[in-house]
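Me: I'd like to go through this one with you piece by piece. Could you keep to what the coordinates and the record give?

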Amino acid sequence: DGKRIGVLVMSYGTPESMDDVEAYYTHIRRGNAPTPELLAELKGRYEAIVGGVFPLRENTNGQVAGLQDKLEQLAPGQFSCYQGLKHAKPYIEDGVQQMANDGITEAVGIVLAPHFSTMSVGSYIKRAEEKANELGITMTFVKQYHMHPKLLLALTERVADGVARLAPAAGGADKVKVLFSAHSLPVKIRELGDPYEQQLLETSAAVAKAANVSDWQFTWQSAGRTREPWLGPDILETLPVLAEEGVKAVLVAPVGFVSDHLEVLYDLDIEAQAAAKKLDVALDRIAMLNRDPLYMETLAESVIEALASLG
Ligand code: FEC
């Protein structure tokens with residue numbers, strides 16, 4: 001009857017303005033307001049990146065529009081995309097509500113993050129599923145797409161470009177150290193048999209192989225400011241070790257992220273870059289995927305494949 005399948009596209013979310021940072025941070029902290037010191041520090045990080053704007057919003061909007069276009073090409077008239085954010089409006093529940101308002105009864109959910117962890121993608125899915133059950137929408141989810149050939153191809157092109165850029169500083173392409181990275185999570189995920197670490201290593205190894213990189217390793221970044229132990233080593237611990245080993249040039253490939261946002265533009269481009277300068281190591285990073293056509297195809301093909309499982 002021409003009824004469309006909903007596609008709930010979920011992403012982290014970012015504040016709408018500097019005044020909104022406190023509410024955003026409180027949401028991330030599950031309702032606990034940050035101390036004035038923590039709040040000032042986070043505002044300072046946002047101010048330091050491209051003049052205090054919030055690039056993640058525009059990037060997520062672009063990715064949702066790009067996915068809608070790609071689905072329209074591959075399956076005309078079949079899908080309608082909705083946005084649902086983890087920590088900002090429109091929240092995940094708002095996106096599901098919007099689908100229900102539009103008469104959607106079947107939907108696929110996908111997260112703008114390629115690797116599965118119970119603490120990341122798993123928690124997006126849980127929230128969407130609860131709301132969908134409440135509203136009588138049948139939903140299925142893409143849990144991961146970290147080994148999709150088009151995602152790997154897009155990342156491989158970027159790593160190969162980055163290695164070529166850094167080769168002169170390193171004294172040869174084979175001397176560039178490629179450092180794959182992703183958002184750290186609390187160490188307790190290991191007790192849950194979480195696939196996150198394994199999936200990140202699979203993506204890294206596949207990209208390194210395809211880009212002909214022999215000298216690479218994986219490191220964590222952006223650990224939260226909480227007292228519990230987080231997965232390490234952090235990139236800020238890894239860089240001095242590499243300098244000590246005589247590495248002259250490092251290409252960071254943050255494969256756990258798909259957009260330009262705070263954790264890339266601040267934690268890597270400002271913080272890690274400053275650390276590398278002090279160590280006299282040349283540091284560069286791969287361009288983020290943002291609206292790359294290969295990434296849009298990865299998402300669209302993953303959605304279509306998941307729909308098949310809805311029957
Ligand atoms: O640009 C922006 O405005 C948002 C950038 C941003 C992204 C992002 C992605 C991930 N996070 C993940 C896990 C955690 C856990 C905690 C946590 C805390 C923060 C804070 C900020 C923040 N995260 Fe984030 N994350 C981004 C931003 N994240 C800001 C709060 C300040 C801080 O601690 O640094 C700890 C929460 C807690 O206290 O319990 C856990 C994971 C991802 C990647 C997957 C995804 O995108 O969902 C995992 C982008």
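Me: Which helices each supply at least two residues of the shell around the ligand?

Reply: Those are α1 and α9 (262–265), where helices (H or I, at least four residues) and strands (E, at least two) are DSSP runs numbered from the N terminus. Before going further, note that this is a predicted model, in which local features need pLDDT of at least 70 and side-chain atom pairs count only at pLDDT 80 or more, while totals for chains, interfaces and linings use all residues. Residues are numbered from 1 along each chain as its sequence is written.

Me: How many residues surround the ligand, and which are the closest?

Reply: The ligand is surrounded by 20 residues, and the closest are Thr14, Ser120, Gly224, His261 and Leu262; a residue is near a molecule if its C-beta atom, placed from the backbone, lies within 6 Å of it.

Me: And what is that shell made of by class?

Reply: Ten of its residues are nonpolar, seven are polar and three are charged. In this scheme Ala, Val, Leu, Ile, Met, Phe, Trp, Tyr, Cys and Pro count as nonpolar, Asp, Glu, Lys and Arg as charged, and the others, Gly among them, as polar.

Me: Switching to annotations, where are His183 and Glu263, the pair that UniProt lists for "binding site", and are they buried or exposed?

Reply: The UniProt entry behind that pair is unreviewed, and such annotations may be inferred rather than shown by experiment, with positions given in the numbering used here and feature names shortened. Histidine 183 is in strand β5 (residues 177–183), while glutamate 263 is in helix α9. A residue is buried if 20 or more other C-beta atoms lie within 10 Å of its own, exposed if 12 or fewer, and partly exposed in between, with C-beta atoms placed from the backbone. Histidine 183 is buried because it has 24 other C-beta atoms within 10 Å, and glutamate 263 is buried because it has 20.

Me: Which peptide bonds are cis?

Reply: One joins lysine 89 and proline 90, with omega about -5°, and another runs from glycine 232 to proline 233, with omega near 5°. Proline 90 is in the loop between β2 (79–85) and α4 (92–101), whereas proline 233 is in the loop between β6 and α8.

Me: Back to the record: which other positions does it list for "binding site"?

Reply: The unreviewed UniProt entry also gives Tyr12, Arg29, Arg45, Tyr46 and Tyr124. These are spread over 113 residues of sequence and are also spread in space, up to 25.2 Å between C-alpha atoms. Tyrosine 12, in the loop between β1 (5–11) and α1 (21–28), is buried because it has 22 C-beta neighbours inside 10 Å. Arginine 29, in the loop between α1 and α2 (36–48), is partly exposed because it has 15 other C-beta atoms within 10 Å.

Me: Last topic: which residues touch the most other members of the largest nonpolar core?

Reply: Of its 89 residues, these are Val7, Val9, Ala107, Val159, Val178, Leu251 and Ala253, a nonpolar core being a set of buried Ala, Val, Leu, Ile, Met, Phe, Trp, Tyr and Cys residues joined through C-beta atoms within 7 Å. Helix α6 (residues 149–170) gives the most to this core, with eight residues.

Me: And what covers the buried residues of α11?

Reply: The cover includes β1, α3 (55–74), β3 (106–111) and α6, and the buried residues of α11 are Tyr295, Met296, Glu297, Thr298, Leu299, Ala300, Ser302 and Val303.

Note on methods
Contact = placed C-beta atoms within 7 Å.
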